[in-house]
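Here are my notes on this model, as promised. Have the structure open while you go through them.

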Amino acid sequence: MAIIGIDLGTTNSLVCVYMDGYARLIPNAFGKTLTPSVISVAEDGSIYVGAIAKERLVTHPEATASSFKRYMGTGKVFTLSGREFTPQELSSFVLRQLKEDAERFLGEEITEAVISVPAYFNDNQRYATKEAGELAGLKVERLVNEPSAAALTASRLGEKEEGSFLVFDFGGGTLDVSVVDYFDNVIEIIAVNGDNHLGGNDFDEKIARYFCEIHQISYEELSSGKRASILQYAEQCKRELSVLKEVTYTFELDGEKKVTLDNVRLAKLGQDLFDRITLVITRALNDSDRTMEDIDEIILVGGSSKMPVVSFFLQTAFGKKPQIAASPDEIVAMGAGIYAGIKERKEEIRDLVLTDTCPFTLGVNVVNYVNTQNPIMSPVIERNSILPSFKRNFYTNAVTNQSKMLFKVYQGEGYYCKENLYLGEVEIDIEKKEEGENRIEVCFTYDINGILLVEVTDLEQNVKKQAVLTSSQSRLKEDELKKRVEELKAYKIAAPRDIRTNLVLARGERLFVQMLGERRQMVAKVMGKLHEAMGTQNDQKIINCVKEAEKVFDFLEGKDFRE
């Protein structure tokens with residue numbers, strides 16, 4: 001039984017399998033490898049996943065959600081068509097769709113997957129990703145960091161020889177930067193840094209806000225449908241600027257309005273975003289004890305890295321021309337597929353070694369003598385330690401006649417414990433002694449699956465307490481998880497039959513909302529013909545009308561640029 005690799009992205013998701021010596025991307029029902037990470041819920045509870053759901057962002061904004069990956073591991077709840085879903089439940093619908101696509105492609109049941117995550121995902125976010133997999137009916141033992149997966153693909157494709165690389169993974173919603181060494185069939189991640197709320201979607205918003213500014217429209221006061229519409233236009237502007245020097249785009253928002261944009265203007269609009277990118281790269285280089293002169297190449301990964309302003313900025317700021325990876329949208333998914341092949345012990349890649357690092361510091365609380373109510377973080381395993389990692393520290397009692405020591409475990413880089421993510425605690429009884437006389441050893445063992453074993457030992461009494469710790473926030477208990485799995489099964493994902501027709505209908509509804517005048521009349525005319533054809537139940541007539549509608553809609557949207 002095959003194990004699949006999945007790139008669960010903010011904007012798009014992909015699924016891959018390692019077979020016949022290659023990582024093979026699996027197409028969805030539309031024959032595309034990219035499935036938009038968008039969910040829409042119909043009034044009857046039917047679930048639309050992907051392209052159709054993306055069209056419904058404009059026409060059914062209250063029933064549709066996107067970019068929910070940004071909220072993984074939080075308490076946020078999305079209400080769609082009167083039904084409540086967590087980000088991991090919405091993600092589970094995407095994963096279920098990818099699972100079904102893989103089963104259709106391979107002709108067998110799929111029960112296990114390797115899923116890629118941003119390198120800078122914390123414990124809550126990683127657990128939420130695994131939980132999403134379980135809700136989709138997938139066993140997820142292994143998560144792989146996105147830039148690590150990208151490095152794995154680049155090495156297998158033979159694009160890069162031995163050396164040191166900086167992998168710049170810029171997706172729709174997240175940025176990951178990794179410093180990577182590749183040599184003798186070993187891919188070693190030296191340092192990682194990232195920003196889980198920085199991606200191509202932020203440039204879409206910059207363009208949308210620019211449009212509103214020049215036309216004196218309040219972006220904040222736009223309805224959710226109008227905002228989704230203008231963001232969709234902005235995304236298309238951004239895509240066209242990947243191949244054109246200047247774009248003049250017509251937005252139909254309370255009348256016909258135009259905006260002209262070039263990459264120089266886009267670079268100025270995104271200056272604060274580039275400042276954040278600089279900070280992430282600088283931190284990764286500092287943690288790796290490298291300078292840009294030590295880096296052989298900058299490898300661009302992720303769909304948003306195709307933006308010319310990104311390449312130009314990196315070359316200008318760091319003095320090195322970046323190299324865009326082949327198929328930047330797909331390289332992470334292919335790496336996840338290769339990693340799945342390694343897990344399956346495929347002969348041709350069984351000797352390939354991928355080392356990874358701990359993205360955040362792990363530590364315990366110690367007394368803050370200036371303010372005892374605000375304890376300080378004492379690092380045990382520091383960020384970018386190679387995994388698996390084993391570290392120990394020694395601690396003593398803070399006051400005389402202390403009978404217990406409580407070690408609270410945190411994840412993060414903050415000086416004070418309250419600035420970090422609480423994971424759990426271990427308490428141990430100690431002998432009553434003078435201040436500073438007890439000798440307690442704290443050992444952390446952190447493995448490649450993100451499991452932390454904490455051992456606390458009183459060395460004099462030879463008494464040991466241990467616990468496996470993960471954050472309990474926003475997590476379902478095992479019985480709750482099983483119950484929710486069964487509940488989510490009741491939501492039926494739209495079947496692939498007639499899916500092309502449904503996509504054209506959803507697209508037509510969206511264009512009718514967005515357009516005015518003669519163009520709107522063209523949409524109405526095409527939609528009328530399609531509905532008439534559907535009423536005849538003549539398959540060939542329906543197919544012909546679908547093809548005609550696609551041509552008209554492509555013309556109306558000016559889709560003559562290379563994506």
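1. Asn401 first: this residue lies in the loop between β23 and β24 (404-411), where helices (H or I, at least four residues) and strands (E, at least two) are DSSP runs numbered from the N terminus. Its phi is near 65°, a positive value in a residue other than glycine. Asn401 is partly exposed, with a relative accessible area of 49%; buried means under 20%, exposed over 50%, and partly exposed in between (1.4 Å probe, protein chains only).

2. Some ground rules. This is a predicted model, so local features need pLDDT of at least 70 and side-chain atom pairs count only at pLDDT 80 or more, while totals for chains, interfaces and linings use all residues. Residues are numbered from 1 along each chain as its sequence is written, and side-chain values use heavy atoms, with hydrogens and water left out.

3. Gln216 also has a positive phi for a non-glycine residue, near 55°. You'll find Gln216 in the loop between α5 (200-214) and α6 (224-240), and it is exposed, at 76% relative accessible area.

4. Check the peptide bond from Leu387 to Pro388: it is cis, with omega near -5°. Pro388 sits in the loop between β22 and β23 (389-395).

5. On to the sheet. Seven strands make an open, mixed sheet, ordered β18-β17-β12-β13-β14-β19-β22 (two strands pair if DSSP finds at least two bridges between them). Its edge strands, β18 (323-324) and β22 (386-387), each pair on one side only. Within the sheet, β13 (residues 175-183) and β14 (residues 186-195) run antiparallel and are joined by nine bridges; Asp181 has Glu188 in β14 as its bridge partner.

6. Thr10 is in the loop between β1 (4-7) and β2 (12-19). At 6% relative accessibility, it counts as buried. Leaving aside residues up to four places away in sequence, its contacts include Ser37, Arg70, Thr174 and Asn201 (heavy atoms within 4.5 Å).

7. Last, the lining of the second largest pocket. Which element gives the most to it? That is α6, with six residues. By class, the lining has twelve nonpolar, eleven polar and ten charged residues (Ala, Val, Leu, Ile, Met, Phe, Trp, Tyr, Cys and Pro count as nonpolar, Asp, Glu, Lys and Arg as charged, and the others, Gly among them, as polar).
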